[in-house]
Amino acid sequence: MPSQNPVIIESLDQEGRGIAHAEGKVIFIEGAITGERVTYSSYRKKPSFEMAQVDQIFRQSFMRVQPKCAHFGVCGGCSIQHLDARAQVSAKQRVLEDNLAHIGKVKPENILPSIYGEAWGYRQRARLSVRYVIKKNKTLVGFHEKRRSYVADMQYCEILTPKIARLLPLLAQMCESLTIRDALLQIEVAVGEHVDVLVLRIMRPLMPVDETVLKQFADQHAVQFWLQTKGPETAAPFYPLDAPALSYSLPEFGITMPFAPTEFTQVNADMNRIMVGRAMRLLDPQAGERIADFFCGLGNFTLPIARRGAYTLGIEGSDALVKRALQNAQYNALSKDTASQKARGYAEFRVMNLFEISEVLLTQLGRFDKWLVDPPRDGASELMKSITPDTAPKRIVYVSCNPATLARDAAILVHLKGYLLKAAGVMNMFPHTSHVESIAVFEIH
Ligand SMILES: C[S@@+](CC[C@H](N)C(=O)[O-])C[C@H]1O[C@@H](n2cnc3c(N)ncnc32)[C@H](O)[C@@H]1O
């Protein structure tokens, strides 16, 4: 039942929901924007708060825009398409500053200008669900519906690259025609510079007739299919076998990064290039320096740092990514055995669980002039706590996909380890979602 009395939206929360107060409770309202006067329908009621969906809008914000996507509101992929793209960036900047202030009790000396790229068609990585719905005798391929486990019935997606977006209904038809349609769980999308890869996660082997269907689809739409039967290590190319390898490039640093479709890469390649450029300007690697890149993945930051002439140690928890990173260092003539003497910089890598790092283990890695840190959502608190006067780098550039854990780790660095928070800012890696990617720079006092 919709609320009787309209409320005024005071601000936006981390997920882009409007926050209002009514009858002593906080109401989080999806689809409502700061300044708007709205009624709402609650879908979850608790003693101190309610979760709700906007119902009627009596006073509309100037920041409201018509969502571009026909599936907005149903599909769980985007949550803030109704908010003007520039207002999205400011909202994310505010989330970052609020987290730093409230969780970390820290304030950056400087706010970095926000960086952003194309607002549409940016997503080069995605995990699409496939569901054969017996009742409808129909196969769906797409993201999950908002707050539900159903797969959204999608004809197009405005944030996927246009080619993949156009393929969605055709993929659904193709999957439906397979004899193993009920054993097909998901399609992992990886768009590279020279090939578009679709990894089919299958529970049963393909029949010969299925193989023919896939091959025809691949030829007609210029994609490469991979098949994955169990864990990511079982993913292997199926057709065509002579397709170019997946890769992305960082032209500013003369680097090309081959990768496998199941390996971690940033979802937005254009923004990634801008982000790496900004991280390098903030880190300012110098020839002869020793620099550590924690949570280095396939070497996205490690290789650009080494290219600037620094010795760089990339540290990462995934064995497969460390192997890939070393191959990429060799491919770009940046490994110990391939780098030229003149260049001075080269990269080495080590597998390590950084959630279990200690002062002793950190000391064993040696002292570094600077650190680049790019952890998963859980952040890097153990790493920050392990810093001692002997291992403390003079500068840390921290790339974060979760402002709450960045703020918690900033508190450790500033209040316990003697660092200053010199600057912080957001990078709009995921337009139309509430996801906040940010960067912060710390320097020792
Ligand atoms: C946000 S990604 C960044 C990767 C890389 N810097 C890039 O830009 O592509 C975080 C990385 O942390 C790694 N990781 C996750 N948990 C870890 C752990 N406990 N110890 C070390 N690395 C971990 C993941 O494998 C992933 O490569």
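Guide: What follows goes through the sheets, then the helices, the domains and the ligand.

This is a predicted model, in which local features need pLDDT of at least 70 and side-chain atom pairs count only at pLDDT 80 or more, while totals for chains, interfaces and linings use all residues. Residues are numbered from 1 along each chain as its sequence is written.

Start with the sheet that contains β1. Six strands make up this open sheet, in the order β1-β5-β6-β4-β3-β2, and the pairing is mixed. Its edge strands are β1 (7-8) and β2 (11-12), each of which pairs on one side only. Two terms need their cut-offs: strands (E, at least two residues) and helices (H or I, at least four residues) are DSSP runs, numbered from the N terminus. Two strands pair if DSSP finds at least two bridges between them. Strands of a sheet pair through backbone hydrogen bonds, either parallel or antiparallel.

Both senses can be seen at β6 (residues 49-59). With β4 (residues 25-30), β6 pairs in the parallel sense over five bridges. Along this pairing, Val26 has Phe49 in β6 as its bridge partner, and Glu30 stands opposite Gln53 in β6. With β5 (residues 37-45), β6 pairs in the antiparallel sense over seven bridges. Here Tyr40 stands opposite Val54 in β6. β5 and β6 form a hairpin, with three residues between them.

Now the other sheet. It is also open and has six strands, in the order β10-β9-β11-β12-β13-β14, with mixed pairing. The edges are β10 (138-142) and β14 (236-239), each pairing on one side only. On average, neighbouring strands of this sheet are turned by 25° against each other, direction ignored. Angles run from 0 to 180 degrees between N-to-C directions, and axes are lines fitted to C-alpha atoms, for helices over the stretch in contact.

Within this sheet, β12 (residues 196-202) and β13 (residues 224-228) run parallel and are joined by five bridges. The bridge partner of Val197 in β13 is Gln224. Helix α2 (residues 162-176) packs on the sheet and touches β9 (125-133), β10, β11 (184-191) and β12; the direction of α2 makes about 150° with that of β10. Helix α3 (residues 208-221) lies across β13 and β14, at about 85° to β14. Contact between two residues is counted if their C-beta atoms, placed from the backbone, lie within 7 Å.

Two helices also pack together. The axes of α1 (residues 85-102) and α9 (residues 403-416) come within 8 Å and cross at roughly 35°. In this contact Val95, Leu96, Asn99 and Leu100 in α1 meet Pro403, Ala404, Ala407 and Ala410 in α9. These residues divide into seven nonpolar, one polar and no charged. Ala, Val, Leu, Ile, Met, Phe, Trp, Tyr, Cys and Pro count as nonpolar, Asp, Glu, Lys and Arg as charged, and the others, Gly among them, as polar.

As for the domains, domain 1 covers 7-64, domain 2 covers 93-117 + 247-444 and domain 3 covers 125-191 + 195-239. Such bounds come from an automatic or database domain assignment. The C-alpha centres of domain 2 and domain 3 lie 33 Å apart, and six residues of domain 2 are in contact with nine residues of domain 3.

Last, the ligand. Of the 20 residues around the ligand, Phe295, Gly297, Asn300, Gly317 and Leu354 come nearest; a residue is near a molecule if its C-beta atom, placed from the backbone, lies within 6 Å of it.
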